[in-house]
Amino acid sequence: MKIKIALGISVAAVCQVTVASAQESDRSRSGLEEIVVTAQKRAESLQDTPLAISAVTAETIEQRGLGGISNLTGIAPNLLVSGPSGGPNNAALFIRSIGTQDPILTADSPVALYVDGIIIARSAGSAFEIADLDRIEVLRGPQGTLYGRNTIGGAVNLITRKPDDTFGIRQKFGIGNYGAMQSRTTVDTGELGNSGLRASFSFLHKQRDGYVDDTNVPDKHDPGAYRTDAVRAAVSFDRKEGFRALYAFDFNRNVGYNPLFQLTTVRPDLIAFFAGSPAAGGGTLTFSPKRLDKVALNDNGPTTDKIWSHTLTLEADLGENATLKSLTGYRKWTQRVQGGELDGQDDLLGTIAGQGATLFPLTLFGANALRHQHQWSQELNLIGKVGQSLDYVLGAYYFEEKADENNPQRFIIVTPNGAIPLLSLLDYRHKSTTKALFAQATWHVTDRFSLTGGMRYTWDERKLDQSSPQPRDLTAKFKKFNWSATADYKFNDDVMVYARIATGYKAGGFSARSFDSGFKPESLTSYELGVKSELFDKRLRFNASAYISDRKDMQVITFLAGSGGAVALTTNAGKAVYKGIELEVNAVPVDGLTAYATFGYVDRKYKEYLILDQATQKDIDISDVAKFSYSASTTFNAGLQYDFPPLSFGKLSARVDYNYLSRRYFDTNPRTSTSLNLLSAPARGLFDARVTLSEIKLGSGTISASLWGRNITNKKYRVSGTDFGSLGFAGNVYGEPATWGVDVSLKL
């Protein structure tokens, strides 16, 4: 009912504004820039695309300091980036409250991440920096026809900048608190003679000390510290003769230290057991329900991520009305965790069962890891039109991936007779292949009314070869038909409404942390209504959507920890319904002032959530008490930027951005996570700000300088939480405190 009322108010508002817009159509005003997107595999205006899609341009990316997915929370309604978990470069995407936090290499995310149309298959290692971004597109809702499996929540596409037509050099330097420093250099060759060849080279270096003081190490090894180097080279060919090519190579290396995982609550018997540790020269058991700024750690070693990526895009025009496009991608990633600090403690001393009264150094929980993954994919698109009334996309897709992980864990179980040190090992190899055929066509019935239909058939295969903790050799195959149907109507050139039904599919597979035979695919069907409008001579852009999504065979991950180490069970335990609304407003109310606001709300309910009752060995339904983990029911983002009248020596602008998330829980099952409520993150709002002086003449070039701040009110907020259950403790990771910096950019 809330959604229907809100949508009715939205449509009524658009109608009223349409009348006002007509009255003012004779005024000549500077308005919002047009944004061109490729969400439907062809270039088209954002406002002409009948999808719930948000996009930000290179200018906004620069103004807000967006360089990868870790900072994307706040650019679209119902979008949330959660992380890190298990590594400083791990991140998880949630759209419309759908996503997964588990970074294990056998777990697929239901929200797909792409770079230039090439999927990034793993959430582990996905929070990498991209040296030269041009645009970010966020597609909300299932994208099962054009983008395929594992897009039931949506998709995010990062689009890099192509080489410029003219020679140019851009240099950016920055410094900030916590020892932050960055340098980004970009060189464009321009067209080389009349060859049609252009090249661009970029290098990025970023570093920062940690923001929680570990008294046992120097600042550059504190929790949250990192050193990043990224290189990008792109070569394009285009002589306007019907053939185009673009090759890009990216390399990224990050050495980072996990943010502090601090204990929030500890079982009383553990507190009593370690009470004598400080007097014996050991560490003090440290826990707090509030963010700590200073700790002593004994095993917070570096995590090193390395990424190599190759992308080749070929396009050939087949006459005037058709283009054949080839997308080839290869990516290799390695991650080495050299001391995963997962208890937030220094050397605690305690007795070991059977060893008398002697005190030994003990670790509550720690892990190392070595992970590898490489993938390659090939996609072919035939994009064209028949006459003036039919647009089509035909495609074929192949994807292959291999991954492996060696993850030893060390922990203790405290008993009345002393601690029992235990070791567990997670060791496996995983292979995944996907094949698909797809098609989409748009019939322009009239100049204002269009119908779009799409379909995709997918074949998936999974193979798990595991040696520990349990030897297994498992294979599974799945296949699925997905479809979508959209109708859109343009009242005029400024207002469009659309209705869409779309399906999505997340492949089944295996969890390497489980001891079962795997889980089945899950599916989602979404029903959506939307309106898109640009009014007052493009002074106001108002987009809204309302949807109902029905999710079946929901893959539910339950984290457990005990004598077998960290275990994550994945089962097809759930059915859920999501009812939501999304609003986006961009405006230029007066010359020099731009404003935006986005609002997203999701009413989420489990229809079924089955778990095994250990006492009766029968399934019970806990849908009335289960939570939706890591996602927020409400998101709100807003911002203002004012460009002052031109000065004699440059241009001055100031902006402020605000991002709000409602309360979040970090587990789903209150029966297995008794600290679920205690670990949850209360609602929080963050303010960012920036002041920029730009277009200062310097010889033949220009220079600009910016002073910026993030979380300027120093809000203390939680970003993740883990309950270690029977091991007797649970904790949280907190977000970054207030940070600030100064950037200087030179363009020649």
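Mentor: A residue counts as buried when its relative accessible area is under 20%, as exposed when that area is over 50%, and as partly exposed in between. This is a predicted model, and every value below is computed from it.

The largest nonpolar core has 41 residues, and those that touch the most other members are Leu72, Ile75, Ile136, Val156 and Leu158. Two or more residues of this core come from each of β4 (79-82), β5 (92-95), β6, β8 (133-140), β9 (154-160), β24 (418-444) and β26.

Most residues other than glycine have a negative phi, and most peptide bonds are trans. Asp116, in the loop between β6 (111-115) and β7 (118-120), has a positive phi of about 55° although it is not a glycine. Between β25 (449-468) and β26 (472-490) there is a loop that holds Pro469, and the peptide bond joining Ser468 and Pro469 is cis, with an omega of about 10°. Asp553, which belongs to strand β29 (residues 540-562), also is not a glycine and yet has a positive phi, of about 50°. Because its relative accessibility is 33%, Asp553 counts as partly exposed.

Among the contacts with a separation of 6 or more, 68% are between residues 24 or more positions apart. A compact globule of 748 residues would have a radius of gyration near 27 Å, and the 26 Å of the protein chain therefore agrees with that expectation. Along the principal axes, the C-alpha atoms fill a box of roughly 90 × 60 × 50 Å. The accessible surface comes to about 30,700 Å², and carbon and sulfur atoms account for 58% of that surface. Finally, the chain carries 82 positive and 78 negative charges, whose mean positions are 2 Å apart.

Note on methods:
Residues numbered from 1 in each chain as written. Predicted model: local features only at pLDDT ≥ 70, side-chain atom pairs only at ≥ 80, totals over all residues. Heavy atoms only, no water. Rg over C-alpha atoms; globule rule 2.2 N^0.38 Å. Contact = heavy atoms within 4.5 Å. Areas by Shrake-Rupley, 256 points an atom, 1.4 Å probe, with all protein chains shown as cover. Lys, Arg positive; Asp, Glu negative; His and termini not counted. Charge placed at Lys NZ, Arg CZ, Asp CG, Glu CD. Helix = DSSP H or I, 4+ residues; strand = E, 2+ residues; numbered from the N terminus. Buried < 20%, exposed > 50% of the residue type's maximum accessible area, 1.4 Å probe, protein only. Core = buried A, V, L, I, M, F, W, Y, C linked by side-chain atoms within 4.5 Å.
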